[in-house]
Amino acid sequence: MKKVALVTGSSRGIGAATAEVLAENGWSVCINYIERADKAEALAAELRGKGCEVMTCRCDVAEADSVKKMTAEIEKTLGPVTLLVNNAGIAKQQQFQDITPGTWKRIFDVNVNGCFNCTQAVLGNMLHEHDGCIVNISSIWGSHGASCEAAYSATKHAIIGLTRSLAAELAPTGIRVNCVAPGVIDTDMVKVLGQETLDMLAKEVIPLGRLGKPEEIAEAVLFLANSRYTTGHVLGVDGGFII
């Protein structure tokens, strides 16, 4: 079966690194984005220059109908999705009492409902083939609470619960479901913490003494995509942050 990967939220950061690693390792890849078309197209052009088969698709994963249209476009262009990487996610740092219902809903819509929408959209073919792989991107805050990130942490806990439950349900069909839980990774998302805080985390909190790189998360996704006897696993890639 042709190896076709959908990586959500892959115009930059962890998603872009994951799309690149997968494409360079034989997957035909859909680069999904919602805002940064320039970044998505630049990445696609770079990968095509390396002889990789890629496409781009704008889609808000929180919208089920848009996800269905994206999946149909991928099947038409590349073929049925055999690897889904649920990476799209948003966060907002604020005290719990300041979170508005709209903010809370949007974070859950993207981070959790996005996983639901994309998984349901690709699952039919995987079930038919009795094969397929889903890798969800959670966070270290999916197993530990994070001050001033209650909404984000709650969604990442939900993703781990979804991973384990779906892995148990789908194992008899041959479909594997796993999860990567990144630590503090050097992306735009963590820059809101400020350089002073990031330096402190690297020097005083993270045993390996530095922030992680997006490509290090991509390598973990590649491992889980290739590991035929691994399912229901949450792989922490955090420099020892949580031991």
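## Packing of H4 against H5

In this predicted model, helices H4 (101–129) and H5 (150–170) pack at an angle of about 20 degrees with their axes 8 Å apart, helices being DSSP runs of H or I of at least four residues, numbered from the N terminus. The axes are lines fitted to C-alpha atoms over the stretch in contact, with angles running from 0 to 180 degrees between N-to-C directions. H4 is therefore roughly parallel to H5, a term for angles under 35 degrees.

Contact (heavy atoms within 4.5 Å) involves residues including Trp104, Phe108 and Leu127 in H4 and Ala150, Tyr152 and Leu170 in H5. The residues of this contact comprise 16 nonpolar, three polar and one charged, where Ala, Val, Leu, Ile, Met, Phe, Trp, Tyr, Cys and Pro count as nonpolar, Asp, Glu, Lys and Arg as charged, and the others, Gly among them, as polar.

## The largest pocket

The largest pocket holds about 1200 Å³ of space. A pocket is an open set of points, on a 1 Å grid over the protein atoms alone, where a 1.4 Å probe fits, with protein on both sides within 12 Å along at least five of seven lines, and lining residues have an atom within 4 Å of a point. A volume is the space filled by probe spheres set on the points, which are joined across faces, edges and corners.

Of its 47 lining residues, Gly89, Ile90, Ala91, Thr187 and Met189 are the closest to the centre, and H1 contributes the most, with three residues.

## Basis of the values

Residues are numbered from 1 along each chain as its sequence is written, and side-chain values use heavy atoms, leaving out hydrogens and water. Local features need pLDDT of at least 70 and side-chain atom pairs count only at pLDDT 80 or more, whereas totals for chains, interfaces and linings use all residues.

Methods
Helix = DSSP H or I, 4+ residues; strand = E, 2+ residues; numbered from the N terminus. Parallel < 35°, antiparallel > 145°, perpendicular 65-115°, else oblique.
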